[in-house]
Each structure stands twice: as C-alpha cells, then as structure tokens.
Amino acid sequence: MPTQITLNTLYSMKQKGEKITSVTAYDYPFAKIADEAGVHMILVGDSLGNVVQGESNTLGVTMDQMVYHTKIVAKTVQHAMVVADMPFMSYQVSVAQALANAGRFLKETGAAAVKLEGGAAVSETIRAITECGIPVQAHIGLLPQSVHQMGGYRIQRNEAQLLSDARMVEEAGAFSVVLEGIPADIAAEITRNVSIPTIGIGAGPDCDGQILVIHDLLGITDRHVPKFVKQFVSLRQQAAGGIKAYIAEVQDGTFPSKDHSY
Ligand code: KIV
C-alpha cells in the first residue's frame, strides 16, 4: 500500500531538506497518473479556468465547478495530499463565507486541505479556517485572482512585503505557503525564515518544494509558456500525431482491420 502523505510528512521533509513535489490535476486520468508517479501533493487548482475551460484567467471559476473536480480527484488519489483551491470570491466576502466554503470542500469532496490567495489581508481568514481543523495552504507573491489589480501577471519584488506576508500566514496557522512569481533570492530568504514548507512556482530552486500546472509540465498547452515552466514531455504533439494517424487510417481503410472487428 502506498504511504498517505500528511502534514507531518511535509514538515518532516522540510526539516530533512527533502524536496516536496506537487502538481495540479482536475480529472481521473491525470490524478491517477500523478499519484502513481509519486507526487506528494495534488492541487485541484482554479487554473482549471485556464487549462480546462480555456479562459484567459481564473476569475470565472465557481465553487460548484471546484467541488465537482475536487471530488473526482480526491476519490482517485491514494497517496498524495489533495488540496482544493478556493476560487475567486469564495472566501473574500466574509470569514463566515470562507468557513462555509472551506468546510464544503472537506465535507463534499474528500480533499484534505484548502488553498487561498493572499498574505496579511487574508490572515484572519486563514486563522478562522485552521481553527476549525481545516488545513490551509497560503499563496503569496503573484496572485492570479488579483490579475487586474496587479496590472497583469507580474513578478512580485517587494521583499519586505513578501517576508511579512509569509510570516503572517505562518503565524495564522497555514501549513504551507505557495510562492508564485518571486525572484529566487527572495523566495530563498522566505524559505529560511518560515518553519512551514514553501512550494515555489516561478520562485527559483531554493523553495522546500515545487508545483507546476500539469498541462504545462506535460506539454499539453497551446498557449504562451512562461519562462518558469519546463515541458518535460510534448503530449500535445504526440496526441495530435495519434489523432492524425487515426484519421488517415480510417480514410484509407486500414482501420478498423480484422483484428479490431468482431
Ligand atoms: O490554480 C493553480 O493551479 C495554482 C498553482 C499554479 C499554484 O494556484
């Protein structure tokens, strides 16, 4: 039986200097592949809006959509910790609203934790959710849900602000913090200064772990690939090749052959 990753596993990995790996997943096949490959955390990200729904940002993703996808991922995964991303306006209106929606993820989907974007501004919310026994992963730096306020997807360089945000979310009870779009030296400094694991995306090599959107790392996306992404395979090309071969064989009569007929 594969080991179930818990908060203690992640804390102990940070202490031992073992890198934590995380990817996103939104459905059964990719959740199963990622879990069987051995990632430690699977985030059902609101990047669903970009890579599954084909939108230009994450703002339109709803709680119902996230609950639907998280339920599929959580029932599939046996080993990784499943984290549900709280979508835009599911936790900003009030602490009560945030508690109700975080609770929905644990009650209805089987996720073990939730993630929400923001530093000091959401620390009261993080505290309230963790006090209810729901683990919270914080997310600071480049905040995709604040794309309009940031004037685009911009690298965040205010070291004092970022360090203070990281300390505030740790103090509020977050079990981990995603560092997105931050210069590597600042991310390294944050990682040295907090006791919770930092998980980087576009934040250099010195975070306690890394996360990538699965469609990016597998080379499925047809969109601009940011500098921080490494495409480890080119599934889009391979998939297109497979579909073109199918079209050709149907048209020239090679498929279905006798072997594929009853
Ligand atoms: O929604 C998402 O996929 C994320 C990760 C990129 C951290 O927030």
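Q: After which helix does the segment that holds P256 come?
A: In this predicted model, P256 belongs to a segment that follows a helix. That helix spans residues 235–252 and is α11.

Q: Which form, cis or trans, does the peptide bond from F255 to P256 take?
A: As a rule, most peptide bonds are trans. The bond that leads from F255 to P256 has an omega near -5°, and its form is cis.

Q: Where does M89, a residue with a positive phi, lie?
A: Most residues other than glycine have a negative phi. M89 is not a glycine, yet its phi is positive, near 70°. The residue lies in the loop that runs between β3 (81–85) and α5 (95–109).

Q: How far apart do the C-alpha centres of domain 1 and domain 2 lie?
A: The domain assignment gives the protein domain 1, covering 7–231, and domain 2, covering 235–262. Between the C-alpha centres of domain 1 and domain 2 the distance is 39 Å.

Q: How many residues of the shell around the ligand are charged?
A: The ligand sits in the largest pocket, and the residues that surround it include T24, L43, D46 and H139. The shell divides into four nonpolar residues, four polar ones and, as charged residues, three.

Key: Residues numbered from 1 in each chain as written. Predicted model: local features only at pLDDT ≥ 70, side-chain atom pairs only at ≥ 80, totals over all residues. Heavy atoms only, no water. Near = heavy atom within 4 Å. 1 Å grid on protein atoms, 1.4 Å probe; cavity = no way out; pocket = protein on both sides within 12 Å on 5 of 7 lines; lining within 4 Å. Sits in = over half its atoms within 2 Å of the grid points. Nonpolar A, V, L, I, M, F, W, Y, C, P; charged D, E, K, R; others polar. Domains from an automatic or database assignment. Helix = DSSP H or I, 4+ residues; strand = E, 2+ residues; numbered from the N terminus.
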